[in-house]
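Please open the model in your viewer and keep the selection panel at hand. The tour moves from the place where two chains meet to a few single sites.

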Amino acid sequence: MPEIAFVKPAMPKHGALVLPIAEDGVPAGLHAALDKACGGAISRALEAASFKGRKGQSATIWAPVEGIARVVAIGLGKAGEISTETAEAAGGATYALVAKERDATVAAEGLPAPLAAAFALGLLLKSYRFDRYRTTEKEDDKPKLEKVSFATDAATACKNAWAPLRAIAEGVFIARDLVSEPPNVLHPVEMAERCKPLEKLGLTIEILGPKEMKKLGMGALLGVAQGSAVEPRMVVMQWLGASGGTSAAAKKKPAQKPVAFIGKGVTFDTGGISIKPAGGMEDMKWDMAGAGTVIGLMAALAGRKAKVDAVGLVGLVENMPSGTAQRPGDVVKTASGQTVEVINTDAEGRLVLCDVMHYAQARFDPRFMVDLATLTGAIIIALGHEHAGMFSNDDTLAQQLSAAGKPVAEAVWRMPLGEAYDKQLKSEIADMKNVGGRPGGSITAAQFIQRFVDKGRPWAHLDIAGVAWSSKDLPTAPKGATAFGVRLLDRLVADHYEG
Amino acid sequence: MIGAEVRLRAAPKPGVALAVPVPAGGVRAARWAPLAAGFAAGLGEQRDCATPEGRVLLLGAGQPQRGAEWEAVGAAAVRAAGPLKRLALMAHGLPPEAAVALATGAALAAWHPHEAPLRRLDLVVDNPAAVAPLWARAEAAVQGALFTRELTALPGNVLHPAAFAARLEELADHGIRVDVLGEKRLRRLGAGALLAVGAGARHGPRLAVLRWRGQFAVPPVAFIGKGITFDTGGISIKPAEGMERMTSDMAGAAACAGAMLALALRNSPAPAVAVLAIAENSMGAESYRPGDVLRTMSGRTVEVVDTDAEGRLVLADALHYAASQFQPQAMLDLATLTGAMVTALGSHRAGIFTNNAALQAQAAAAGEQVGEALWPMPIGTRHREDLASAIADLKQCCSGALLPDASHAAAFLREFAGDTPWAHLDIAGVRLDEKGLPTGFGARLLDRLVELFFEHPDRH
């Protein structure tokens with residue numbers, strides 16, 4: 001992760017100089033100084049490159065003066081209309097253009113502190129790289145960027161704006177790391193272990209194994225796990241930011257009911273006995289993205305010392321076919337007491353979620369509950385890769401989520417719930433089936449989950465199957481794990497549930 | 001007149017089976033109280049009683065508030081009555097709107113394509129004269145919906161493009177101007193997409209244009225319908241299983257035609273047009289192929305990726321025709337367009353895609369009133385980007401698995417709507433009920449949309 005610094009403006013002696021430029025912006029600060037030093041060559045070069053400062057535009061000028069290896073101009077669009085989203089995207093676009101330099105200086109004199117910080121966030125998020133399993137990559141091919149200095153006259157304001165964003169970026173990176181890890185490395189036991197270091201941030205971490213889960217009656221989660229050689233885990237993470245931290249007193253008597261986030265963590269999903277087709281099955285390593293996101297979110301909230309009491313719970317299992325695996329036709333008893341006829345062992349995510357959600361409500365009585373899961377292929381067919389599907393029993397929470405997603409480019413699209421869909425889950429032998437057929441497949445999945453939400457409890461389910469992983473580069477994420485949801489839910493908390 | 005005839009009466013005729021809705025809280029009239037002793041009156045409950053005056057059917061009605069809920073009670077009455085020729089509905093004490101909704105639900109439920117014994121419904125109300133004008137409006141919508149169902153139920157060998165056009169020409173009897181554009185005129189218009197889709201079938205494609213003048217001198221509201229009389233998928237042929245349901249792939253066009261009939265029957269003051277793209281997507285030496293590039297009527301070129309994504313092609317030409325010929329106030333297209341829509345919303349809601357939020361809200365409100373529910377779906381930046389073609393202005397769809405094809409289709413259609421306020425209703429999941437019979441979805445919605453939002457006198 002490149003280091004980000006905010007410093008007094010001074011002409012860099014090496015590396016890259018980045019010029020964020022608005023349309024019709026007048027050169028000032030380092031931009032003007034450099035232009036003067038090289039006799040107007042910067043202005044001429046930008047004109048020759050037809051660089052106008054439009055959103056998405058960029059231009060590189062090589063070695064205009066001694067010491068500076070490259071000058072990168074990056075467009076911000078119309079001055080006065082620059083949003084944090086635009087600044088983030090500009091920062092993200094900048095990263096690729098300066099990654100081969102060891103250091104870069106951003107001439108940020110013209111950017112107000114929130115935009116400078118957003119630029120830095122975009123750049124940092126785009127710099128993410130998961131390369132721990134590459135052993136033969138040539139040095140020349142690797143990015144080299146170690147430090148990015150933002151030249152600004154408002155260094156203190158920028159640092160203040162940056163501190164929480166840095167914590168959020170770390171949460172995003174934790175989530176992306178977990179999602180990117182291969183499934184032989186990141187199995188349920190290992191994933192639970194990786195939550196422990198978060199105690200350093202002030203989180204309380206509890207890990208439950210099969211013995212405890214059996215006692216809690218989590219027959220649905222255990223049924224999914226029983227085909228794997230690796231034991232399942234449930235991790236309970238608590239952040240008592242409103243109640244004064246990790247003190248025993250705070251834990252005993254929190255000042256408020258917490259908000260709750262629940263994540264599906266299927267570390268690999270073969271489909272089980274209802275096995276998936278081979279093509280693309282490797283993608284199923286990221287079937288734990290909901291859990292990875294919740295872990296990253298909890299790290300972000302703790303890292304920025306959010307003034308909220310929050311709990312994050314993840315159910316971690318591996319869905320494997322084997323002699324001990326669950327079969328289609330099995331009936332399992334959930335922690336809530338309701339019974340489920342397992343029609344398709346590949347609809348396992350909801351079986352994991354229902355037990356964890358029941359536990360979360362019984363123990364914490366949360367103000368609201370949001371669950372995240374790469375739950376259905378149907379949501380990809382419904383919405384594609386630009387929106388996560390959102391299902392909610394509460395219009396206020398739904399509106400808050402919709403609003404929170406826009407500025408952080410993690411958009412959600414509300415999908416319907418209703419009795420007619422719920423009826424598709426009717427079983428002849430148990431309280432419900434675990435699938436409702438192809439029509440409205442992601443809706444019936446949400447209906448299933450809703451049966452485990454206490455009456456009157458605000459709840460939203462985010463089906464992130466289409467957005468957890470990107471097959472192409474995004475403005476602030478390289479292709480691969482996106483950590484979709486960390487920023488959205490952090491924003492939800494920041495906008496409505498702090499203080 | 002399609003289906004059972006509804007007549008208003010002040011009193012039930014003795015000997016005719018009488019359905020009595022019982023709202024939660026008990027019967028309204030003392031007369032039925034002895035029969036209703038211990039009857040819980042929850043929605044869906046019923047009690048069949050033999051009385052000296054004839055058969056009395058008590059129907060639990062719950063607490064109906066909206067019209068759609070009263071319709072459900074009326075439908076339950078018909079189902080509970082069994083195979084009768086005549087049935088009376090007791091609506092004494094009900095507000096006229098509720099009585100009319102009760103009859104609407106009953107009349108719609110009484111329809112069946114070939115085994116509908118019920119010929120007569122007596123709606124028993126306190127004051128028939130006061131209810132009559134309301135019923136006349138409702139009956140128009142019912143007739144529109146039943147016309148839609150009749151067309152949709154017809155098999156592909158009976159309702160081929162020529163036959164579909166002929167059926168539409170019958171609407172001239174109701175004051176609707178009907179023009180059917182054949183292949184020659186379509187060629188002159190440059191309707192390359194519609195012509196290509198229809199090329200493989202024995203009966204060539206048609207563009208049917210229905211016009212209702214109304215009384216207001218304003219641009220019309222336009223309905224655009226997909227009318228694929230049978231969809232084999234073409235060269236990109238469909239799997240055999242379930243292909244027989246493709247006889248209903250013209251349900252969108254049928255719904256538009258049904259809505260026009262409703263407007264005409266109730267003499268709506270609002271001008272309206274329907275542009276129906278009619279073709280059979282079959283296979284033959286003349287069939288269009290994946291990889292073909294078509295020039296649409298708008299001049300835009302389209303790369304064909306999958307000949308089974310034919311609906312959006314015929315609609316492209318129909319939308320352009322409607323927008324350029326009529327400069328409508330608003331355009332709504334209805335189409336059984338994508339399997340993706342079924343995966344997304346199932347069979348309880350149709351998806352609506354739009355370039356105009358107000359129109360979307362209006363259509364959704366109309367749908368709620370008539371029990372034809374919509375749900376807004378997105379057209380994202382990425383959906384449009386996915387249609388970039390290397391050889392033409394745009395691709396018709398994408399190939400692969402797990403594709404948001406309903407949104408891709410909507411992004412495609414939006415290109416042909418221009419600046420006209422436009423909404424696209426993908427009715428693939430709602431065109432048939434659980435028994436496989438056509439629902440007529442859309443005809444009543446469009447009729448109600450016009451009634452609610454396009455008949456205000458300010459629109460003169």
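Contact is taken here to mean heavy atoms within 4.5 Å. Bear in mind throughout that this is a predicted model.

**Stop 1: the interface**

Begin by selecting chain A and chain B together: by that rule, 24 residues of chain B are in contact with 24 residues of chain A. The area buried between chain B and chain A comes to about 2000 Å², and carbon and sulfur atoms contribute 61% of it. Next select B:T343, B:R382 and B:L402, which together supply 33% of the area that chain B buries against chain A, more than any other three residues.

If you now display polar atoms across the interface of chain B and chain A, the rule finds 13 residue pairs in polar contact, with both residues at pLDDT 80 or more. How many salt bridges are there between chain B and chain A? The count between the two chains is zero.

**Stop 2: a nonpolar patch on chain B**

Select B:I235, B:I237 and B:M283, which make a nonpolar surface patch of about 260 Å². Of these, B:M283 is found in the loop between β10 (272-281) and β11 (293-295) of chain B. Because its relative accessibility is 40%, B:M283 counts as partly exposed, the class that lies between buried, under 20%, and exposed, over 50%.

**Stop 3**

A:K305 sits in the loop that runs between α10 (289-303) and β10 (309-319) of chain A. Is A:K305 buried or exposed? Its relative accessibility is 56%, so A:K305 counts as exposed.

Finish at B:Q327, which is not a glycine either and has a positive phi of about 40 degrees. The loop to display around B:Q327 is the one between α8 (311-326) and β13 (330-335) of chain B. With a relative accessibility of 51%, B:Q327 counts as exposed, because the cut-off for that class is over 50%.

How values were computed. Residues numbered from 1 in each chain as written. Chains lettered and ligands numbered in written order. Predicted model: local features only at pLDDT ≥ 70, side-chain atom pairs only at ≥ 80, totals over all residues. Heavy atoms only, no water. Patch = residues over 30% accessible without salt bridge, like charges linked within 9 Å, V, L, I, M, F, W, Y side chains within 5 Å. Areas by Shrake-Rupley, 256 points an atom, 1.4 Å probe, with all protein chains shown as cover. Salt bridge = Lys/Arg side-chain N within 4 Å of Asp/Glu carboxyl O. Helix = DSSP H or I, 4+ residues; strand = E, 2+ residues; numbered from the N terminus. Buried < 20%, exposed > 50% of the residue type's maximum accessible area, 1.4 Å probe, protein only. Buried area = accessible area lost by both parts, 1.4 Å probe. Polar contact = N/O pair within 3.5 Å; in protein donor to acceptor, adjacent residues only side chain to side chain.
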